[in-house]
Amino acid sequence: MSTPRPPFRVGIIGTGGIAHAHADALNALSPRVEIAGVVDLDRARAIAFAESFGVDRVYADAADLFANEELDLVHVCTPPQTHTPLAIQAMRAGVASLVEKPTALTLGEVDELEAVQAETGVPVLTVFQHRFGAAARHLGALVAGGELGRPLVATCETLWYRPDEYFEVPWRGRWDVEGGGPTMGHGIHQFDLLFAIFGRWSQVSAFAARQLRPTDTEDVSMALVRFENDALATVVNSLVSPHETSRLRFDFEFASVEVRHLYGYTSEDWTFTPAPGHEHLAIRWAEGLDSGATSGHRDQIRAILDAFEAGEAPGVDLAEARHTLEFAAATYASAFRGAVVQAGELRGEDPFVRSMSGGIVPWAPVKEVLA
């Protein structure tokens, strides 16, 4: 009889809003995992967070956390401009990191992360939790097995609403701090799932606009996408849509599969429509579908712990995260240059490697410069 392993020990850096989702998920997975300590520059907020989630230790900065705790994983839940330096600090400390999206502000920063990862052998993972919900995993298995035929057409929509007040937070709506608008910070979850199911994109033609909001970034983007397997898709990201919805529709040779939700789906949010002559696939879909809970951080964290225990590489790794982030960069590059962008085209000293804006945003900034 094997001896049970001790709980995985994790730290959380940043105790703002999204950190609560991480802590809820971690506590739901107890006693398999425990939160060893938290970090925040705002000590009062960190103490309140720690008390809420039963954490004993609060640290002033990441260096203190790494110096005082033996960790299996650290969750990076800070504003986007800090993701890369904190992930590098974790790698140097020998601790795997799970970083909130976006992994980094630019493709250049991802390349920097990949170089340090190659040097240290310590992984950097990105939060793309929608890949790990029960229905998405079931769909992925059917696609991998070839049961649905060729992927043909997809629609990916993140139609959300954020009022002007949303952008009063100083770091929101700034290219140099947040990286981009809904393409980077909101729709990225949906089109990451699109790529996980449909495969690698090969080219993109896009538009982006600032329609209403007091932001330096876009508040809407739209893209036409071709995949390496010749499938086609549309991707829409919006923060000006009062009727909020997140929708993904996949049309395969033998079936259409669609999910409508907002911030997380259950299996009941999915519909499956077989093509004529392939009605048996509806039974195949239903019999393998676990009702499950709402897709969220717990699904991905559980999968990471499973991979750690099995000695396997957990997801979502830097290579996959880079492919998704490259699509965001290509969307901006296509929109601002007015040209089709090929996968792999943005590299080296290209301005869109150094900044998602490429330095050629066609509207004037409105945000105050941070000190």
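Reply: Buried means under 20% relative accessible area, exposed means over 50%, and partly exposed lies in between. The model discussed here is a predicted one.

Me: Which side chain forms a polar contact of 2.7 Å with Asp-192?

Reply: Leaving aside neighbours within four places in sequence, Asp-192 is in contact with Phe-128, Arg-131 and Thr-324. The polar contact of 2.7 Å links the side chain of Asp-192 to that of Arg-131.

Me: Which class of accessibility applies to Asp-230?

Reply: Asp-230 sits in the loop between strand 9 and strand 10 (232-238). Its phi is near 75°, a positive value in a residue other than glycine. Most residues other than glycine have a negative phi. With a relative accessible area of 49%, Asp-230 is therefore partly exposed.

Me: Which residue of strand 5 stands opposite His-75?

Reply: Strand 4 pairs in the parallel sense with strand 1 (residues 8-13) over four bridges, and Gly-11 stands opposite Val-74. Strand 4 also pairs in the parallel sense with strand 5 (residues 96-99), over four bridges. Strand 4, helix 4 (residues 83-92) and strand 5 make up a right-handed β-α-β unit. In strand 5, the residue opposite His-75 is Leu-98.

Me: Which residues of strand 4 are buried on its two sides?

Reply: In a regular strand the side chains alternate between the two faces of the sheet. In strand 4 (residues 73-76) both faces are covered, with Leu-73 and His-75 buried on one side, and on the other Val-74 and Val-76.

Me: Against which helices do the buried residues of helix 5 pack?

Reply: Helix 5 (residues 107-120) reaches 20 Å from its first C-alpha to its last, close to the 20 Å expected. Its buried residues are Leu-107, Glu-109, Val-110, Leu-113 and Val-116. They pack against helix 4, helix 11 (318-337) and helix 12 (351-354).

Me: Which element gives the most to the largest nonpolar core?

Reply: The largest nonpolar core has 80 residues, of which Leu-194, Phe-250 and Trp-270 touch the most other members. The element that gives the most to this core, with ten residues, is helix 11.

Me: Which strands stand at the edges of the eight-stranded sheet?

Reply: This open sheet has the order 13-12-11-7-10-9-8-14, with mixed pairing. Within this order, strand 8 (residues 201-209) and strand 9 (residues 220-227) run antiparallel and are joined by eight bridges, and Val-204 has Val-225 as its bridge partner. Each edge strand has a single partner strand, so one side of each is left without a neighbour in the sheet; these are strand 13 (270-274) and strand 14 (341-342).

Me: What is the omega of the peptide bond from Lys-101 to Pro-102?

Reply: Most peptide bonds are trans. The bond from Ser-30 to Pro-31, however, is cis, with omega near 5°. Pro-102 is in the loop between strand 5 and helix 5. The bond from Lys-101 to Pro-102 is cis, with omega near -10°.

Methods. Residues are numbered from 1 along each chain as its sequence is written. This is a predicted model: local features need pLDDT of at least 70, side-chain atom pairs count only at pLDDT 80 or more; totals for chains, interfaces and linings use all residues. Side-chain values use heavy atoms; hydrogens and water are left out. Buried means under 20% relative accessible area, exposed over 50%, partly exposed in between (1.4 Å probe, protein chains only). Two strands pair if DSSP finds at least two bridges between them. A crossover is right-handed if, with the strands pointing away from the viewer, the path from the first strand over the helix to the second runs clockwise. The expected span of a helix is 1.5 Å times one less than its number of residues. Contact means heavy atoms within 4.5 Å. A nonpolar core is a set of buried Ala, Val, Leu, Ile, Met, Phe, Trp, Tyr and Cys residues joined through side-chain atoms within 4.5 Å. A polar contact is a pair of N or O atoms within 3.5 Å; within protein, one must be able to donate a hydrogen and the other to accept it, and residues adjacent in sequence count only if both atoms are side-chain atoms.
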